[in-house]
Amino acid sequence: MIRFVGAGCGAADLITVRGQKLLQEADVIIYAGSLVNPALLEVKKEGCKVYNSAEMTLEEVLSVMYDAEAQGLMTVRLHTGDPCLYGAIREQMDALEERGIRYDYTPGVSSFCGAAAALNMEYTLPNVSQSVVITRMAGRTPVPERESVRAFAAHKATMVLFLSTGLLEKTQAELIAGGYEPDTPAAIVYKASWPDEKTFLCTVGTLAQCAKANEVKKTALIIVGDTVKQSGYARSELYNPTFATEFRPAKE
Ligand code: SAH
């Protein structure tokens, strides 16, 4: 059986308990070496075979899985963060389904959560923004025109940009063309939860300059929107004493 596992976004103790247990039991581990912390592999059992998918094609990854399956071995396919975002898991799952190979999926802590933690930030603040747009600039993988950064920018919601650190001049121009004011607060989070994590606060208009000055070129998320300031919000209704819930009567 193939077990897809989210590794979390960096720190070795940010994998789920279930994910770590699977790593301990695995006969074969195929991990995304470009972004998965190799310290996670320390729990593997003796004799476990380890492959780094950063150096492999889809066909090679599948071939390792097919071989392991033929020998009745258990394979963990370890993806960075949570595999549901930019994880390229569907194509693997479809290939396995075609062969009738069973698989399951254990989620992980995505880097957009790790970045919020690095900034001590709540993405959804009452009266500031109640939505998070998770997207990316078009790169080698195109983005449908209706989902362009410029189109989403019109909402001025909290936005988290993956895979875009190398394209910041263009990104900031798109963000501004779409509707964010150039002085809208922004943050760059480099290697969230890794020992060398770094966070930088700037504005939409200074994103490219900030990344350049701090030599951030990859493994970073860009967060923009008024929520980055973390002020000017209304307190929650849920914890408001005058608000009755299923669990608590209203207090005078
Ligand atoms: N599935 C992953 C994302 C894979 S795409 C997840 O859930 O996080 C790879 C991109 O994710 C990187 O280019 C970068 O933009 C972002 N990323 C991954 N790990 C990161 C981290 N620890 N800190 C900041 N950004 C990270």
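Asn-127 lies in the loop between H4 and S6, and in this predicted model Asn-127 adopts a positive phi of about 70° although the residue is not a glycine. Asn-120 is likewise placed in the loop between helix H4 (111–118) and S6, and there a positive phi of about 50° is found, again at a residue that is not a glycine.

**Gln-230 and its contacts**

- Gln-230 is located in the segment after strand S10 (220–224), and its relative accessible area of 25% makes the residue partly exposed.
- Leaving aside residues up to four places away in sequence, Gln-230 is in contact with Asn-120, Met-121, Glu-122 and Leu-125, and one of these partners, Asn-120, is the residue with the positive phi of about 50°.
- Although 109 residues separate Gln-230 from Met-121 in sequence, the C-alpha atoms of Gln-230 and Met-121 are 6.9 Å apart in space.

**Arg-136 in strand S6**

- Arg-136 belongs to strand S6, which covers residues 132–136.
- Arg-136 is buried and yet forms no salt bridge, since the nearest side chain of opposite charge, that of Glu-147, is 9.2 Å away, whereas a salt bridge requires a side-chain nitrogen of Lys or Arg within 4 Å of a carboxyl oxygen of Asp or Glu.
- When residues up to four places away in sequence are not counted, Arg-136 touches Tyr-86, Thr-141, Val-143, Val-149, Leu-161, Phe-162, Leu-163 and Ser-164.

**The ligand and its surroundings**

- The ligand is surrounded by 18 residues, of which the closest are Cys-9, Leu-85, Ser-111, Ala-192 and Ala-220.
- Leu-85, listed among those closest residues, also places a polar backbone atom 2.8 Å from a nitrogen atom of the ligand.
- A polar backbone atom of Thr-80 is found 3.0 Å from a nitrogen atom of the ligand, and for Lys-191 a backbone N or O atom lies 3.5 Å from a ligand nitrogen.
- Taken alone, the ligand would expose 540 Å², and the protein buries 94% of that area.

Conventions:
Residues numbered from 1 in each chain as written. Predicted model: local features only at pLDDT ≥ 70, side-chain atom pairs only at ≥ 80, totals over all residues. Heavy atoms only, no water. Helix = DSSP H or I, 4+ residues; strand = E, 2+ residues; numbered from the N terminus. Buried < 20%, exposed > 50% of the residue type's maximum accessible area, 1.4 Å probe, protein only. Lys, Arg positive; Asp, Glu negative; His and termini not counted. Contact = heavy atoms within 4.5 Å. Near = heavy atom within 4 Å. Polar contact = N/O pair within 3.5 Å; in protein donor to acceptor, adjacent residues only side chain to side chain. Areas by Shrake-Rupley, 256 points an atom, 1.4 Å probe, with all protein chains shown as cover.
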